[in-house]
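Thanks for coming. I will go through one model today, starting with how the chains meet and then moving into one of them.

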Amino acid sequence: MDRTRSSRLSEQKLVAAAATLGLGALAGLAAYSYLGPSASQAQRHAKTPRLTDDAPGRTARQARFGDYAVTGRSVTINRPRQEIYAFWRDFSNLSKFMENIEDAGESEPGFSSWTIRAPLGQTVKVKSRIVSDRPGEQIAWRSTEESQIDTEGKVMFRDAPGGRGTIVETIISYKPPLGAVGQAVAKLFSAEPSVQARRDLKRLKMLLETGEIATNRNRRGEGGKYQQQMSPV
Amino acid sequence: MRALTYHGKHDVRVDTHPDPQIVNPRDAIIEITSTAICGSDLHLYDGVIPGVLKGDILGHEFMGRVVEVGPSSTLQVGQRVIVPFTISCGQCFHCRNQEFSHCDNSNPAEKQDVSETLYGHPMSGLFGYSHMTGGYPGGQAEFVRVPFSDVGPLVIPDHLEDEKVLFLTDILATGWMAADQATVENGDTIAVWGAGPVGLFAAQSARVMGAEQVIVIDHYPHRLELARKLGCKVIDYQQTNVLEALMEMTGGQGPDAVIDAVGMESHGFENFNPVDTLKQKIGIGADRIGALRQAILSVRKGGRVSIPGVYGGMSDKFPTGAMMEKGLTLRMGQTHVQRYHRDLLRRIEEGEIDTTFLISDVMSLEDAATGYKNFAYNQNEWTKVVLKPKWEKGRREAGRARTETSLGTGTEVRTEAPVHA
């Protein structure tokens, strides 16, 4: 009795929600087709030459450049430029805040090697040549032919205005395996660079500003790789 | 340890969980001596805040003794502390600007996506709330892990009893910030919607700050009685036309500042509220903003609107016209507890602020489910519930809100079964 009643109730809820949303959308569509821009207006709009704006290219509505997907993120960290540069330049630090970097290091001078976690328990090995290294300003890299993915990127450091620390900006371009489909699948597993860049830079900020990476876990060993080895005091 | 656990809408139980440990260097573990049920816990209880999961430990108003510290904590074992409900690192841009509830670093990175999508920016970490705010285990428990324990907790001198200082963790600071953001000036009338704990503390704060007249609006007679005992005037919106009354009580000018201490589950049948209620019930993330609409319409031209009440979703019929044409200032937000708690502790010590008048019930943590039910459904009499993890099940004492008022008794829900069954 009770169960049928409650399932009927939730069905009613669903129908009511769908009706509210659906009717709203229909009404909106009808209003738009009636009141929206006329054909001539839309044509005029398309012919108007566009001003190239000041936004970074990666924020364009279509952020693909040929076969390459480009992603990037900025974060302001309340620490000096040199300190953040030095932390990043020691590539073994990258796995401390980057979720999908299992291991990273400078395998030989001028080259860095990363083991990257990919969807479905796979790993991808990337060996990059460091193509630019300006202490306190930027580090740029490009994958070599031995790598399993084709990628390049750079990280730039500049003083934030008003004594707010350092703006760290990362740009990564890569050729997604299997193209757009591969990119969509990776996104689904939160292993796609744009999702990762966002979270990784937040963790970098936490680590450098507070000395630790926030976790809601209540027990040692549950916080994953970001938790420092702690023994009770 | 024992802890009050969320099992679903209107279903909370005291369950056994593993004791918390030091996980990060700045952590401390607190053994809780007193904890309270907050009005915003009722938003979780009613299932209107997204991201609360079965098994979550609730509670964000708590205090106790330090039993363990991490290597970077500045606390010492044995110290008695209150813990702000906002988790704040102390080092990010916002913390340095005293905007502690906007901390960039306290919400785990993987928990920030939802609020970043919903609000444009991620929320910071809060104890015992939603996974949008970190999903941190809360303090309606025997023990709690406190991150950034060198920034949040405030050491309390032993001569001040728990009940006097417990509300520094949230509602006292929240009421104070509400009055602070309303900006009390000489000769001002401040109108407060909602005579719950935050509304009552906001009203008291406005009086301490020198308001000429404070008017509190509610419909529960006992809660209005508590407001009147603070020296406020009261309006029962079920008896009185609020907009007219506020105009007539302010010489035809309207209140100088208004405080919405009601939030997203506004009651009543005016101000388009039934439409909001319907939308909230079918679960499409709507806020009920009836009280806020009325506050915005009633405030004088050029007036200030302060919103400590909790909102989480979207709303419509929002009176943008009144806001613009009357030139209003709106201020709101989760409380920057660490900005105010030292000053408020001094005011408590000096007897300037009364913090215990609104407590109706002190009971064992084991009976927390009964406390939730009554705080939710017997709002007239159950004005504030304090839980004691050390008390044996069944022990309960009446607080001053019952012993010192004429309307403080009443029926109560005494069943253990969920009400919706």
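Let me start with the interface: 35 residues of chain B are in contact with 30 residues of chain A, where contact is defined as C-beta atoms, placed from the backbone, lying within 7 Å. On the chain B side there are 17 nonpolar, 13 polar and five charged residues. For those classes, Ala, Val, Leu, Ile, Met, Phe, Trp, Tyr, Cys and Pro count as nonpolar, Asp, Glu, Lys and Arg as charged, and the others, Gly among them, as polar.

Some housekeeping. This is a predicted model, in which local features need pLDDT of at least 70 and side-chain atom pairs count only at pLDDT 80 or more, while totals for chains, interfaces and linings use all residues. Residues are numbered from 1 along each chain as its sequence is written, and chains are lettered from A and ligands numbered from 1 in the order in which they are written.

Now chain B. Chain B splits into domain 1, 2–170 + 336–403, and domain 2, 175–332; the bounds come from an automatic or database domain assignment. Between the C-alpha centres of these two domains of chain B the distance is 25 Å. Domain 1 of chain B gives 21 residues to the contact and domain 2 of chain B gives 19. On the domain 1 side, the elements giving two or more residues are α1 (39–45) and α12 (337–349) of chain B. Helices here are DSSP runs of H or I of at least four residues, strands are runs of E of at least two, and both are numbered from the N terminus. The largest share of that side, three residues, is from α1(B). By class, that side has nine nonpolar, seven polar and five charged residues.

Next, the sheet. Six strands of chain B form an open, parallel sheet in the order β10-β9-β8-β11-β12-β13; strands count as paired if DSSP finds at least two bridges between them. Which strands stand at the edges? They are β10 (233–236) and β13 (329–332) of chain B, each with a single partner strand, so one side of each has no neighbour in the sheet. From one strand to the next the twist averages 20°. Strands β8 (189–193) and β9 (213–218) of chain B pair in the parallel sense over five bridges, and B:T189 stands opposite B:Q213 in β9(B).

Across the sheet lies helix α5 (171–182) of chain B, over β8, β11 (257–260), β12 (304–307) and β13 of chain B, at about 160° to β12(B). Axes are lines fitted to C-alpha atoms, for helices over the stretch in contact, and angles run from 0 to 180 degrees between N-to-C directions.

The axes of α5(B) and α12(B) come within 9 Å and cross at roughly 100°. That makes the two helices α5(B) and α12(B) roughly perpendicular, a term for angles of 65 to 115 degrees. Helix α5(B) contributes B:L172, B:A173, B:W176 and B:M177, and α12(B) contributes B:V337, B:Y340, B:H341 and B:L344. Seven of the residues in this contact are nonpolar, one is polar and none is charged.

Last, helix α7 (221–229) of chain B, where B:H222, B:R223, B:L224, B:L226 and B:A227 are buried. Buried means 20 or more other C-beta atoms within 10 Å of the residue's own, with C-beta atoms placed from the backbone. Their cover includes α6 (197–208), β9, β10 and α14 (400–403) of chain B. After α7(B) comes B:G231, with a positive phi near 95°.

Technical notes: Contact = placed C-beta atoms within 7 Å. Parallel < 35°, antiparallel > 145°, perpendicular 65-115°, else oblique. Buried ≥ 20, exposed ≤ 12 C-beta atoms within 10 Å, placed from the backbone.
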